[in-house]
Amino acid sequence: MKDTKTAAEGCLGVIMLDTRFPRPPGDIGSPVTWERAGIPVRFVTVPGASARRVVQAQDPALLEPFVAATRSLARQGARLITTSCGFLAGWQAELQAAVDVPVITSSLLQCARLPSPGIVTFDAASLQAGLLQRAGVPAGTPAEGLRPGCELQSRILADDTSLDLRQASDDVVEAAMRLVARHPEVQHLVLECTNMPPYRAAVAQATGRPVHDLESWLQEIWSGQHV
């Protein structure tokens, strides 16, 4: 666990998957993301919570460890709690019920407040209707995923220690371009994956649409709590 300030000062709490892949600035799991925003942060890792178990298996055995991590962060002074995987939106209700402080599991929760949203996701095959419903995503919201086996997806699923950042950016942009080509009615793009914020600007430039992700949303919420 990394800690930038004391619990007494209040902090953002991040529930981390158990991974080792690179997390460049902008990634929810990178300390630099929050240092540059001036937000004190604490990280708690859920042992055994691999990307495959959380995204593809959506293993129910992990729910209790995630609840425990949420409670641990609240005890440590977290004023706002989030996660390092957008697919944890499926457990938004359970994690929020565990603590009295706000819990924002996923960028997907933004879809309900945006006109004509479209989702760019890490794994379209795993982003099933039940999860979207639990996240409050409006029915019929279009989604496009990373190309299976692309750089960003394959490195994360394999938990590799290297990542070609330029290719990862191209991967996210390519998925976003497919989304707007197939659904030109989409007005706002929502990046589901917490590893995608580093590529937000590239997506916005390529698509000409506003891009929403967990990093920028959490900064907005944090600022609202500390005006």
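## Terms and basis of the model

Contact, or touching, here means that heavy atoms lie within 4.5 Å of each other. The structure is a predicted model, in which local features need pLDDT of at least 70 and side-chain atom pairs count only at pLDDT 80 or more, whereas totals for chains, interfaces and linings use all residues. Residues are numbered from 1 along each chain as its sequence is written, and side-chain values use heavy atoms, with hydrogens and water left out.

## Overall form

The chain contains 9 helices and 8 strands, these being DSSP runs numbered from the N terminus (H or I with at least four residues for helices, E with at least two for strands). Its C-alpha trace spans about 50 × 35 × 35 Å along the principal axes. The radius of gyration is 16 Å, which agrees with the value near 17 Å that a compact globule of 227 residues would have; this radius is taken over C-alpha atoms, and the globule rule is 2.2 Å times the number of residues to the power 0.38.

Of the 227 residues, 56% count as buried, where buried means under 20% relative accessible area, exposed over 50%, and partly exposed in between (1.4 Å probe, protein chains only). Among contacts with a separation of 6 or more, 72% are made by residues 24 or more positions apart. The chain exposes about 9,500 Å², of which carbon and sulfur atoms supply 51%, as computed by the Shrake-Rupley method with a 1.4 Å probe.

## Strands and their pairing

An open sheet is formed by 4 strands in the order β6-β5-β7-β8, with parallel pairing; two strands pair if DSSP finds at least two bridges between them. Because β6 (143-145) and β8 (211-212) stand at the edges with a single partner strand each, one side of each is left without a neighbour in the sheet. Strand β5 (residues 117-121) runs parallel to β6 and is joined to it by 3 bridges, and within this pairing V120 has E144 of β6 as its bridge partner.

Strand β1 (residues 11-16) pairs with β2 in the parallel sense over 5 bridges, and L12 has V41 of β2 as its bridge partner. Strand β2 (residues 41-45) is mostly covered, since 4 of its 5 residues are buried.

## Surroundings of T70 and V99

T70 is placed in helix α3 (residues 63-75) and is buried, with a relative accessible area of 0%. Leaving aside residues up to four places away in sequence, T70 touches I15, I81, L95, V99 and V103.

V99, one of these contacts of T70, is placed in the loop between α4 (92-97) and β4 (103-104), and at 9% relative accessibility V99 counts as buried. With residues up to four places away in sequence again not counted, V99 touches T70, R71, A74 and I81. The C-alpha atoms of V99 and A74 are separated by 6.8 Å, although the two residues are 25 residues apart along the chain.

## Loop residues with positive phi

Most residues other than glycine have a negative phi. Q58, a residue other than glycine, has a positive phi near 45 degrees; Q58 is placed in the loop between α2 (51-56) and α3, where it is partly exposed with a relative accessible area of 25%. D159 is not a glycine either, and has a positive phi of about 55 degrees; D159 lies in the loop between α6 (151-158) and α7 (165-182).
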